[in-house]
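Me: I would like to learn how to read a model together with its ligand. Could you walk me through it?

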Amino acid sequence: MNLILLGKPGAGKGFIADILKNEYGFYHISTGALLRKNIAEGTQLGQVANGYMAQGELVPNDLVFDMLKDEIGKMKSKNCVFDGYPRSVLQAKSLAGIVNIDSVLFVDVPDDILIERVLSRKTCLACGNLSEIGQKDTVCKKCGGELVTRADDNLEVVTNRLNVYNESTAPLKEFYADKIVVLDNSGSVEQTKQKLNQIISDLLKKYGENI
Ligand code: ADP
Ligand code: ZN
């Protein structure tokens with residue numbers, strides 16, 4: 001079963017993907033995390049991507065799609081969760097050419113909560129983990145790596161990321177209208193986990209004989 005996580009910046013796509021990976025064995029592909037890895041390693045892709053990401057703009061699709069295809073080639077699990085791709089109808093069409101998408105989880109959070117969450121979150125430099133990390137933590141609970149504020153998690157860039165979302169990514173809700181399942185992520189971690197478990201067990205019954 002292949003799932004896409006759709007949602008505004010800070011909606012919690014990474015957090016949901018983590019649960020799908022750890023509790024259901026999904027292969028997690030996060031284009032944002034892959035791009036940040038390229039930046040950290042100073043690759044040519046990373047150098048180009050950095051200019052776009054620092055402004056909150058989308059990295060050109062040909063670059064992201066090549067990177068995504070490489071990552072899909074490494075996939076071991078039969079169940080995959082795409083996090084951060086597609087971000088436009090063009091990207092959705094590219095993806096449709098190489099994999100079948102069973103369902104699209106729309107991670108829903110009101111804008112005021114989103115911005116607050118993005119501005120207060122930290123990311124692990126070593127493993128990219130950003131779930132369940134409070135502002136006061138200094139090391140990653142998962143791997144002990146250093147926690148930092150992501151370069152694009154400031155008010156100016158987040159505001160642009162939300163604009164880019166509204167312009168380029170929001171039309172995907174219509175594109176995937178027959179596949180969308182809404183997951184409300186405005187409550188507590190436990191509430192979200194419960195809702196997610198219900199959704200995933202329903203989807204697995206329908207599509208997921210692979211697990
Ligand atoms: P968030 O969803 O919180 O904004 P991500 O880690 O998914 O964070 O993405 C961070 C940035 O990486 C985006 O603002 C964009 O610049 C770039 N990026 C990630 N995925 C894509 C993609 N599919 N296409 C183009 N750019 C992307
Ligand atoms: Zn870590």
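What follows is a conversation about confidence, fold, ligand shell and a few residues.

Me: What should I know about the conventions first?
Reply: Residues are numbered from 1 along each chain as its sequence is written, and chains are lettered from A and ligands numbered from 1 in the order in which they are written. This is a predicted model, where local features need pLDDT of at least 70, side-chain atom pairs count only at pLDDT 80 or more, and totals for chains, interfaces and linings use all residues, while side-chain values use heavy atoms, leaving out hydrogens and water.

Me: What is the mean pLDDT of the chain?
Reply: pLDDT is the predictor's confidence in each residue, from 0 to 100. Where it is low, the predicted coordinates should not be read in detail. Here the chain has a mean of 91, and 95% of its residues reach 70 or more.

Me: How many helices and strands are in the chain?
Reply: Both are DSSP runs numbered from the N terminus: helices are H or I with at least four residues, strands E with at least two. This chain has nine helices and seven strands. Its radius of gyration is 16 Å, close to the 17 Å that the globule rule gives for 211 residues, so the chain is as compact as a globular protein of that length. That radius is taken over C-alpha atoms, and the rule is 2.2 Å times the number of residues to the power 0.38.

Me: Which residues are the closest to ligand 1?
Reply: A residue is near a molecule if one of its heavy atoms lies within 4 Å of it. Ligand 1 is surrounded by 20 residues, and the closest are Thr31, Arg36, Glu57, Gly84 and Gln91. Helix 2 (residues 31–41) gives the most to this shell, with four residues.

Me: Which polar side-chain atom lies 2.8 Å from a nitrogen atom of ligand 1?
Reply: A polar contact is a pair of N or O atoms within 3.5 Å. The atom you ask about belongs to Gln91. An N or O atom in the side chain of Lys13 is 2.9 Å from an oxygen atom of ligand 1, and Arg36 likewise has a side-chain N or O atom 2.9 Å from a ligand oxygen. The protein covers 96% of the 550 Å² of accessible area that ligand 1 has on its own, by the Shrake-Rupley method with a 1.4 Å probe.

Me: Is Thr192 buried or exposed?
Reply: Buried means under 20% relative accessible area, exposed over 50%, partly exposed in between (1.4 Å probe, protein chains only). Thr192, in helix 9, is buried, with a relative accessible area of 0%. Val189 also lies in helix 9 (residues 189–207), but counts as partly exposed at 33%.

Me: Where is the cis peptide bond?
Reply: Most peptide bonds are trans. Here a cis bond joins Tyr85 and Pro86, with omega about 0 degrees. Pro86 sits in the loop between strand 3 (80–83) and helix 5 (89–96).

Conventions
A polar contact is a pair of N or O atoms within 3.5 Å; within protein, one must be able to donate a hydrogen and the other to accept it, and residues adjacent in sequence count only if both atoms are side-chain atoms.
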